[in-house]
Amino acid sequence: MYTLYFLPDACSLATQAILNELNQAIELIHKEDAENYDVLNPVGTVPVLIDQNRVLNEGVPILLYLLDKHENNLIARDGEDRHQAIENMMFANASVHPAYGRLFFAEGNITNNEGKQQAFDAAASAINKLWAAVEDKLQGQAYLGGDSVSPADFLLAVYSRWGQSYPVDIVIGPNTRKMIDAVISRDSFQTALQRESDYRAVTA
Ligand SMILES: N[C@@H](CCC(=O)N[C@@H](CS)C(=O)NCC(=O)O)C(=O)O
């Protein structure tokens with residue numbers, strides 16, 4: 001049994017979906033329900049994963065830890081395919097995720113309406129450049145790893161949900177949209193969404 005600290009619709013959703021892919025039991029805890037979250041993660045972000053007495057931080061190494069530990073077809077064990085899978089995960093986590101972070105920053109920190117919209121537009125332009133790169137990679141292959149779903153696809157599917165409530169035009173190409181829809185419709189992802197929603201209902 002793993003314990004996963006989450007925020008609704010945050011990047012911890014990908015961690016939960018991958019845990020579901022690996023058929024692992026999860027105790028889900030909303031970050032705000034933790035007594036001393038800063039002891040678990042001094043910078044306060046989700047996901048945090050607890051495996052027995054071990055506390056794990058940072059989304060990508062958490063996923064690699066799980067994928068190394070449990071039998072799966074999501075990532076190669078070694079070689080060039082594994083390197084590519086990690087490169088794709090880092091592209092998602094270290095490039096796409098922070099680009100969306102610019103939208104959150106503008107929303108929370110810029111009070112002048114014109115300045116805020118300019119910051120939104122600049123963020124959207126950076127985000128669209130990244131989605132265009134994903135669309136290029138998906139010419140002739142269904143997923144970033146090839147014919148079958150890979151960890152980076154889960155990360156990108158989660159991030160793709162973040163632009164919807166902002167006054168910007170996020171452009172996601174047709175191959176990318178198809179990949180995202182395929183990931184979101186997987187049982188593992190749907191179960192993760194349902195569990196987050198049930199948690200809100202229980203604690204509301
Ligand atoms: N590099 C970190 C980034 C994690 C991150 O930024 N998480 C966001 C949610 S997606 C968060 O927890 N933000 C703090 C907050 O919203 O309170 C990781 O991949 O784990």
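This is a predicted model: local features need pLDDT of at least 70, side-chain atom pairs count only at pLDDT 80 or more; totals for chains, interfaces and linings use all residues.

Me: Start with the domains. How do you know where domain 1 and domain 2 run?

Reply: The bounds come from an automatic or database domain assignment. It gives domain 1 as 2-73 + 187-203 and domain 2 as 79-184. Their centres, taken over C-alpha atoms, are 21 Å apart.

Me: And what makes residues of the two domains count as being in contact?

Reply: The cut-off is heavy atoms within 4.5 Å. With that, 18 residues of domain 1 touch 18 residues of domain 2. The two domains bury about 1,500 Å² between them, and 70% of that is on carbon and sulfur atoms. On the domain 1 side, the most area is lost by Asp9, Val60 and Phe189, which together make up 36% of what that side buries.

Me: Why is Arg82 with Asp68 called a salt bridge?

Reply: The rule asks for a side-chain nitrogen of Lys or Arg within 4 Å of a carboxyl oxygen of Asp or Glu. For Arg82 and Asp68 the closest N and O atoms are 3.1 Å apart, so the pair passes the 4 Å limit. Across the interface of the two domains, the rule finds 2 salt bridges. There are also 4 residue pairs in polar contact across that interface. Helix H1 (12-21), helix H3 (59-69) and helix H8 (187-203) are the elements giving two or more residues to the domain 1 side. By class, that side has 12 nonpolar, 3 polar and 3 charged residues.

Me: Now the strands. What makes E3 and E4 a pair?

Reply: At least two bridges are needed. Strand E3 (residues 48-51) and strand E4 (residues 54-57) have 4 bridges, in the antiparallel sense, so the two strands qualify as paired. Val48 faces Asn57 of E4 across the pairing. The hairpin has 2 residues between its strands, and Gln52 takes a positive phi near 55° there.

Me: Which other residue has a positive phi although it is not a glycine?

Reply: Asn23, with a phi of about 60°. Asn23 is in the loop between H1 and strand E2 (26-30).

Me: Last one: how do you know the peptide bond from Val46 to Pro47 is cis?

Reply: Look at omega: for that bond it is near 0°, and the bond is cis. Pro47 lies in the loop that runs between helix H2 (37-40) and E3.

Key: Residues are numbered from 1 along each chain as its sequence is written. Side-chain values use heavy atoms; hydrogens and water are left out. Buried area is the accessible area (1.4 Å probe) that two parts lose on being put together, summed over both. A polar contact is a pair of N or O atoms within 3.5 Å; within protein, one must be able to donate a hydrogen and the other to accept it, and residues adjacent in sequence count only if both atoms are side-chain atoms. Ala, Val, Leu, Ile, Met, Phe, Trp, Tyr, Cys and Pro count as nonpolar, Asp, Glu, Lys and Arg as charged, and the others, Gly among them, as polar.
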